[in-house]
Amino acid sequence: MRLSPLQKYILKFCYNSSARVVSRTSFAKFYEIQKFKPKQADMVNIITKSLESLIDKGLLVGYGVRTPEKWYIKEVRLMPAGRKIARRLLGEQQVLPLRISKSNHKK
């Protein structure tokens, strides 16, 4: 299963959280460490779509308000399948953003 960096962050954050239910406002911290940050409105939409995707995959359960048009997700909780994937993600080695210039390579 392919997960975006934001989705991986959400799963790891929920797994490491001491609270059983996690508020969605804490997921905006993901963009504090990013070099290029989207606009605030875009950030909310991206987080919402990532949460909905994780809920559709059965990795999270969302709590919120239902209107006739859409859901407003306020909190999420990790499901057993999500817990398993988060454990696997914590075991993976992180990729460092190293850039190697071609002029430094020896032939």
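Colleague: Which residue in S3 is the bridge partner of Ser23?

Modeller: The model is a predicted one. Strand S1 covers residues 21-23, and three bridges join S1 to strand S3, residues 71-78, in the antiparallel sense. Within this pairing, Val21 has Arg77 as its bridge partner. For Ser23, the bridge partner in S3 is Glu75.

Colleague: In what order do the three strands lie in the open sheet?

Modeller: Strand S1 (21-23) and strand S2 (60-66) are the edge strands, and each of them pairs on one side only. S3 pairs with S1 over three bridges and with S2 over seven bridges. The pairing in the open sheet is antiparallel, and the order is S1-S3-S2.

Colleague: By what angle are neighbouring strands of this sheet turned against each other on average?

Modeller: The sheet consists of three strands with antiparallel pairing. With direction ignored, its neighbouring strands are turned against each other by an average of 35°.

Colleague: Which residue in S3 stands opposite Arg66?

Modeller: S2 and S3 are joined by a hairpin through four residues, and the two strands pair in the antiparallel sense. Val65 stands opposite Tyr72 in S3. Arg66 in turn stands opposite Trp71.

Colleague: What pattern does the protein follow along the sequence?

Modeller: The secondary structure comprises three helices and three strands. Helix H1 takes up residues 5-16, helix H2 residues 40-56 and helix H3 residues 80-91. Read along the sequence, the protein gives the pattern α-β-α-β-β-α.

Colleague: At about what angle does H1 run to S3?

Modeller: Helix H1 lies across S1, S2 and S3, the strands that make up the open sheet. Relative to S3, H1 runs at about 55°.

Colleague: How many nonpolar, polar and charged residues does the contact of H1 with H3 have?

Modeller: On the H1 side, the contact involves Lys8, Leu11, Lys12, Tyr15 and Asn16. These residues meet Gly82, Arg83, Ile85, Ala86, Arg87, Leu89 and Leu90 in H3. By class, the contact has six nonpolar, two polar and four charged residues.

Colleague: Why is Val44 classed as partly exposed?

Modeller: Val44 is placed in helix H2, and its C-alpha atom is separated by 8.1 Å from that of Ala28, which lies 16 residues away along the chain. Buried requires a relative accessible area under 20%, and exposed one over 50%. Val44 is partly exposed because its relative accessible area is 38%.

Colleague: What share of the contacts with a separation of 6 or more comes from residues 24 or more positions apart?

Modeller: Of the 107 residues of the protein, 26% count as buried. The accessible surface is about 8400 Å², with 54% of it belonging to carbon and sulfur atoms. Among contacts with a separation of 6 or more, residues 24 or more positions apart account for 52%.

How values were computed:
Residues are numbered from 1 along each chain as its sequence is written. This is a predicted model: local features need pLDDT of at least 70, side-chain atom pairs count only at pLDDT 80 or more; totals for chains, interfaces and linings use all residues. Side-chain values use heavy atoms; hydrogens and water are left out. Two strands pair if DSSP finds at least two bridges between them. Axes are lines fitted to C-alpha atoms, for helices over the stretch in contact, and angles run from 0 to 180 degrees between N-to-C directions. Contact means heavy atoms within 4.5 Å. Ala, Val, Leu, Ile, Met, Phe, Trp, Tyr, Cys and Pro count as nonpolar, Asp, Glu, Lys and Arg as charged, and the others, Gly among them, as polar. Buried means under 20% relative accessible area, exposed over 50%, partly exposed in between (1.4 Å probe, protein chains only). Accessible areas come from the Shrake-Rupley method with a 1.4 Å probe; for residues, only the protein chains shown count as cover.
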